[in-house]
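This report covers the surroundings of a ligand and a set of paired strands. The sequence and the structure come first.

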Amino acid sequence: MKQVIAAIISNSEVLPHVYLMWLECPSISQEARPGQFVMVRCGEETVLRRPLSIHQTGDDRLALLYAVIGKGTQWLAARQPGDEIDVLGPLGNGFTVLPEPQNLLLVAGGIGIAPLYYLADMAVKDGKQVTLLYGTANKDRYPVPAGVTEVASTEDGSVGYRGMITELIPQYLEGADQVFACGPLPMLQNMANMPELKERSVQISLEMRMGCGFGVCYSCTIKTGHGLKQVCKDGPVFELNDIIWEEIRI
Ligand SMILES: Cc1cc2nc3c(=O)[nH]c(=O)nc-3n(C[C@H](O)[C@H](O)[C@H](O)COP(=O)(O)OP(=O)(O)OC[C@H]3O[C@@H](n4cnc5c(N)ncnc54)[C@H](O)[C@@H]3O)c2cc1C
């Protein structure tokens, strides 16, 4: 884990209220793996850093894809190329892609595309077949990496299947060697209740509120079948069926 003052290369609104920021950040980008995150200091008004997934890496750069929802992300969205920000990372465990399996099924809900884009891109480059079920509220959707088979759903029916992306999971499970997901907590909880997924390994990235990002403050503690875990240090990637969902406030 490194604390870096990173120069912003670009920071632009790619979808309504969603920004893509590229940072000059070699020491973090060279170590990063899909599913890991960084803690970003968002100016003076927010005491706590904000966790954001590593969305892409390239050369000495790394990208963040973030939805503007509150004080911290509003501050971030106002930064200009050339400004510097204080970033801590890479943090967390990341996804585990086994060497043998060939067919990966990814399920992204909304801004949950941020870490799964990175995972999908790396997996395609490693020669895997990647199917990405990607659900959004409407037609404002982020492009998926080249080589990925995308299956779209929107709540308003403007693109692809009308409904929730989780409704499509059962028909894509057959032939999937590994399953990964990231999205809002209700989406993940819904998956935890699906009989089709009860006996399967499903790696999910949990986007809980957190304080420090490296296991000191215990604010992101959750209950799992293997005892209490801290999302920042032991996660953010967990087995779907290992989480005691009744204990998580949504
Ligand atoms: C490991 C991890 C990775 C993440 N990756 C991304 C990412 O790649 N892109 C992205 O857009 N977001 C991501 N998030 C969520 C992101 O951290 C929050 O949206 C951000 O901290 C909000 O900060 P803020 O100051 O703008 O909003 P705040 O002012 O802190 O909050 C505004 C509102 O959003 C709610 N909120 C804040 N944080 C969360 C959260 N984590 N989950 C649910 N509700 C929340 C608050 O309760 C409040 O109602 C990630 C979270 C975690 C834990």
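Helices (H or I, at least four residues) and strands (E, at least two) are DSSP runs, numbered from the N terminus. The model is predicted: local features need pLDDT of at least 70, side-chain atom pairs count only at pLDDT 80 or more, and totals for chains, interfaces and linings use all residues. Residue numbers start from 1 along each chain as its sequence is written.

**Ligand shell**

At least two residues of the shell around the ligand come from each of β4 (50-53), β6 (61-67) and α2 (71-77). The most come from β4, which gives four residues. A residue is near a molecule or strand if its C-beta atom, placed from the backbone, lies within 6 Å of it. There are 21 residues around the ligand, and Ser53, Gly70, Gly72, Thr73 and Ala114 come nearest.

By class, the shell holds 12 nonpolar, five polar and four charged residues. Here Ala, Val, Leu, Ile, Met, Phe, Trp, Tyr, Cys and Pro count as nonpolar, Asp, Glu, Lys and Arg as charged, and the others, Gly among them, as polar.

The ligand lies between domain 1 (2-91) and domain 2 (103-247), because both give residues to the shell around it. The domain bounds come from an automatic or database domain assignment.

**Strand pairing**

Two strands pair if DSSP finds at least two bridges between them.

| Strands | Sense | Bridges |
|---|---|---|
| β1 (residues 2-15) and β2 (residues 18-24) | antiparallel | seven bridges |
| β2 and β6 | antiparallel | seven bridges |

Ser12 has Leu20 in β2 as its bridge partner. Two residues lie between the strands in the hairpin of β1 and β2, where His17 takes a positive phi near 65°. Val18 stands opposite Ala67 in β6.
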